[in-house]
Amino acid sequence: MFNKTSSVEFLKYGEVYTDYTKNRDTHQNNFVLNISNESITYFLKATTDIYLKMLDGIALLVITDDLNAKQFDEFVMHRIIKINGGNYFNFIPLGTQAKIELAFIPECRIENVFLQHEYTYKRIVPSIHVNELIAYYYNVRNHHYEFTGESINYWEITYVDSGTLYTVVEGIEYELHSNELIVYAPNQFHSQRTQENSCSYLSIIVDMDVLLEEHKRNLINKVIKVDRSTKSALDLFVQGTSIEHENSHLLLFESLYRIVYGLISHSDQEITKVASTPMQQNFENELLNEILLYINENVFSDFNNVEELCQHFGLSRSSLQNLFNNNLNIAPKRYILNIKLNKSKELIRESKYTVSEISNLLGFSSIHYFSRRFKQEYGISPTEYANKIYKSK
């Protein structure tokens, strides 16, 4: 967070005023400083107090009373300020340029004190530009699918929803499982295939400028385990693809930036996201991970209500609801249903069981209830979905 010159931290260097016209009689000397520099190579030092007024733009005041300090103080110029004589200061424009008026008494001498090392302000600018969302697909591939390969002039994100996908990138094979992804760089040749099991995955093709080499290295040539925040961004992207609104693309671009940010900021942290510092959040993350693991391990059971989860983990119903809503933005009952429905699609694609058998395996109360919820979720009955898979083989 930026400090302004009106903050209490600035008082060690001077004071803030609303007007300095009362000082015009004594502070007759003045000049206007136009600043457009990207860095500072020297400081100004006035022998007496000096007054400064922002005339145009926004500027960052860099100031210190000790040239040997490891870090100089920074303040955004706000109101009219007086800097006590003897301090070292200069300015960097926040934006392209700024204009500042300096007023001082005739006896004041202002000297330039050169720095041993150039001082550079780290500007807040994006290191990634998403120029265009080229295409996105949800791919359903049967067992022994093989794509011989291609290279395109765009970035491509491949996120595995279920099953296992094998991809060869520049002669190296990577194995992706559910909730893992890989990023292909522009013109990076890659092929894809499945083995004994089917696989579903999301492909996002985007025209994007990645300006830092470090970010490029963090994105490519690795399998990344998706953490909770990046998974939420992927879910937001999928949500945006189904919204029919003239501004729905804004949601897609927002989620894309969140996805890419999650990938570059976690770089080598390919495991579940580490919780934030508060102890309560750490406890909630660990507990939620245990609950999600329990749900996935017991997907082939008849538990469909939250009471069993409450009993197993010693939680009240309201505590469980809050845990899911606060961290996943979904009710636990709905989360369990989504897991079972996703698993049912995977079982249908494998063609090992009938629809009735899948309903029983996943613990639905009846095939009619299973069919109704399946159609509500995917817009097609499980039997129709099975027929489409069979005809595509």
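I began with the second largest pocket, whose lining holds five nonpolar, four polar and three charged residues (nonpolar being Ala, Val, Leu, Ile, Met, Phe, Trp, Tyr, Cys and Pro, charged being Asp, Glu, Lys and Arg, and polar the others, Gly among them). I note that the model is predicted, with local features needing pLDDT of at least 70 and side-chain atom pairs pLDDT 80 or more, while totals for chains, interfaces and linings use all residues. Residues are numbered from 1 along each chain, and side-chain values use heavy atoms, without hydrogens and water.

I looked up the space in this pocket and found about 290 Å³, a pocket being an open set of points on a 1 Å grid over the protein atoms alone, with protein on both sides within 12 Å along at least five of seven lines, and lining residues having an atom within 4 Å of a point.

I then turned to cavities, where a 1.4 Å probe fits but cannot get out, and the whole structure has two of 30 Å³ or more. The second largest cavity, about 30 Å³, is lined by Ile-157, Val-183, Met-208, Leu-219, Val-260 and Leu-263.

Last, I checked Phe-324, which touches, leaving aside residues up to four places away in sequence, Leu-288, Ile-291, Leu-292, Ile-295, Asn-329, Ile-330, Ala-331, Pro-332 and Tyr-335, contact meaning heavy atoms within 4.5 Å.

Methods. Grid points are joined across faces, edges and corners, and a volume is the space filled by probe spheres set on the points.
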